[in-house]
Amino acid sequence: MVRMTVTADVSRTPVSKDLAERARLLAENCDEWLHRVRLDPQGRWYERLHADADHEVWIISWLPGQSTGFHDHGGSAGAFAVALGSLKEVAVNGNGTVSTWTLEAGQAHGFGEHYIHDVRNVSTAPAISVHVYAPVLSTINRFDLSPSGELVTLKTEQSEEW
Ligand SMILES: [Fe+2]
């Protein structure tokens with residue numbers, strides 16, 4: 001069994017801490033979802049495992065080089081846990097600077113409702129992660145981050161598009 005840890009960021013809230021624990025436990029119990037995982041060379045693969053009135057759970061697979069791009073979560077708090085491999089996270093701070101770190105298998109990270117990040121598989125091996133959002137995602141705003149640290153909104157996606 002992999003020893004899981006939970007990390008924090010400046011926007012972490014009690015809610016996101018709970019979500020990180022939920023993601024951590026789900027990532028640990030791969031028997032519940034491993035048979036559903038696919039790998040897609042065209043882009044990261046994802047599938048919703050669960051949704052109810054309070055939260056939803058997604059599983060995502062990442063081949064080397066696949067990434068999300070910068071995005072928010074439309075006002076939802078969230079968390080993700082790495083179940084296999086490693087993922088690099090680039091979080092945008094309030095002053096436009098970025099913080100970067102790598103989450104290894106066994107690590108989870110919760111974030112608040114105003115969080116903007118990019119998640120990437122920069123390794124040479126596939127990765128799998130479990131994501132939890134509360135409330136259920138309704139929109140996602142996608143951004144470009146200019147060299148000067150300015151976030152430029154590219155588009156807003158509605159949940160029907162996923
Ligand atoms: Fe995200």
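**Salt bridges, pair by pair**

Modeller: Let's start with Glu 56, which counts as buried at 1% relative accessibility. Buried here means under 20% relative accessible area, exposed means over 50%, and partly exposed is anything in between, using a 1.4 Å probe and protein chains only. Keep in mind that this is a predicted model, where local features need pLDDT of at least 70 and side-chain atom pairs count only at pLDDT 80 or more, while totals for chains, interfaces and linings use all residues. Residues are numbered from 1 along each chain as its sequence is written, and side-chain values use heavy atoms, with hydrogens and water left out.

The partner of Glu 56 is Arg 48, and their closest N and O atoms sit 2.8 Å apart. Arg 48 itself is partly exposed, at 40%. That pair passes as a salt bridge, meaning a side-chain nitrogen of Lys or Arg within 4 Å of a carboxyl oxygen of Asp or Glu. Searching the whole structure turns up seven of them.

Another one joins Lys 155 to Glu 157, at 3.4 Å between the closest N and O atoms. Lys 155 is partly exposed at 45%, whereas Glu 157 is buried at 8%. Elsewhere, shared partners tie Glu 21, Arg 24 and Glu 28 into one network.

Arg 24 is buried at 13%, and Glu 28 is partly exposed at 26%.
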